[in-house]
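Let us go through the terms applied to the structure below, asking each time which value stands behind the word and which cut-off it has to meet.

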Amino acid sequence: MDLILASQSPARLKTLQNAGLSPHVQVANVDEEALLEADKDKTPAERVQHLARAKAQKIAASTNYQHPTCIVGCDSMLLIEGALVGKPHTPEEATKRWKKMRGGSGNLLTGHFLMVGTSKNWASRGATCATTVNFADLSDAEIEAYVKTGEPLEVAGAFTVDSLGGPFVTSIEGDYHSVVGISLPLLRKMYTELGGFWPDLWA
């Protein structure tokens with residue numbers, strides 16, 4: 001079974017590799033802002049899952065897959081104070097986010113969409129994992145130093161739990177791997193529901 005990760009996230013790739021899988025990375029460039037705007041009346045979980053589905057489906061449509069293939073699409077966003085936020089992109093926005101997040105908590109939503117089969121016959125499952133993340137009460141100087149590293153600019157919610165941002169996360173309630181970017185237990189459940197046997201994906 002060929003495994004394709006429709007994401008450019010190094011953290012997702014490393015998580016899958018650490019679990020014994022060897023995915024091929026194929027980046028699916030989708031217009032996330034347009035999808036989020038079109039889904040503005042849907043729930044946060046539905047909006048995040050739609051992003052994951054769009055990525056997986058774009059990769060599925062890009063090639064004629066004749067051999068059994070498993071395509072995984074993922075997307076993560078942070079729900080904080082009722083607002084769904086993704087990557088801040090700029091130092092100013094990352095700083096603003098952290099001043100709102102520090103000493104509080106948010107829900108990290110990770111949408112998953114799995115497609116298994118060939119181009120003639122895909123079976124699919126979608127699901128969203130929600131994990132509560134509790135943040136340390138950072139000083140302004142700590143926020144400034146963290147933002148200067150550049151790490152928070154291109155990650156969902158402006159933080160990581162497995163790198164420089166780890167010391168700023170005091171605890172999580174839910175699946176650690178989902179906060180990194182992909183829930184291994186949820187992925188196994190979805191794959192099993194589609195008739196797969198998880199150990200078959202081990203490299």
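Q: What makes the pairing of the Asp75 and Lys55 side chains a polar contact?
A: In this predicted model, where local features need pLDDT of at least 70, side-chain atom pairs count only at pLDDT 80 or more, and totals for chains, interfaces and linings use all residues, the two side chains come to 2.7 Å. A polar contact is a pair of N or O atoms within 3.5 Å, where within protein one atom must be able to donate a hydrogen and the other to accept it, and where residues adjacent in sequence count only if both atoms belong to side chains; a value of 2.7 Å therefore lies within the limit. Residues are numbered from 1 along each chain as its sequence is written, and side-chain values use heavy atoms, with hydrogens and water left out.

Q: How do you know whether Asp75 is buried or exposed?
A: The relative accessibility of Asp75 is 5%, and buried means under 20% relative accessible area, exposed over 50% and partly exposed in between (1.4 Å probe, protein chains only), so Asp75 counts as buried. Asp75 is found in strand 3, strands (E, at least two residues) and helices (H or I, at least four) being DSSP runs numbered from the N terminus. Contact means heavy atoms within 4.5 Å, and beyond the residues up to four places away in sequence, Asp75 touches, among others, Arg12, Glu32, Lys55 and Thr110.

Q: Which annotation covers Asp75, and where does it come from?
A: An unreviewed UniProt entry carries the annotation "active site", which covers Asp75. UniProt positions are given in the numbering used here, with feature names shortened, and annotations may be inferred rather than shown by experiment.

Q: What makes a group of residues a nonpolar core, and which residues have the most contacts inside the largest one?
A: A nonpolar core is a set of buried Ala, Val, Leu, Ile, Met, Phe, Trp, Tyr and Cys residues joined through side-chain atoms within 4.5 Å. The largest has 22 residues, and those with the most contacts inside it are Leu78, Trp98, Met101, Val133, Phe135 and Phe159. Two or more residues come from each of strand 3 (69-80), helix 4 (91-101), strand 6 (121-135), helix 5 (140-148) and helix 6 (176-180). A second, separate core of 20 residues includes Cys70, Ile182, Tyr191 and Trp198.

Q: How do you know how the buried residues of helix 5 are arranged around its axis?
A: Ile143, Tyr146 and Val147 are buried in helix 5. Seen down the helix axis, the buried residues fall within an arc of 95 degrees, so they line one face of the helix, the arc being that of the directions from the axis to the C-beta atoms. The exposed residues Ala141 and Lys148 are carried on the face turned away from that buried side, and helix 4 is included in what covers the buried residues.

Q: Why is Ser7 called buried, and which polar contacts does its side chain make?
A: Ser7 has 5% relative accessibility and therefore counts as buried; it lies in the loop between strand 1 (2-6) and helix 1 (10-18). A polar contact of 2.9 Å joins the side chains of Ser7 and Arg12, and a polar atom of the Ser7 side chain lies 3.1 Å from the backbone nitrogen of Ser9.
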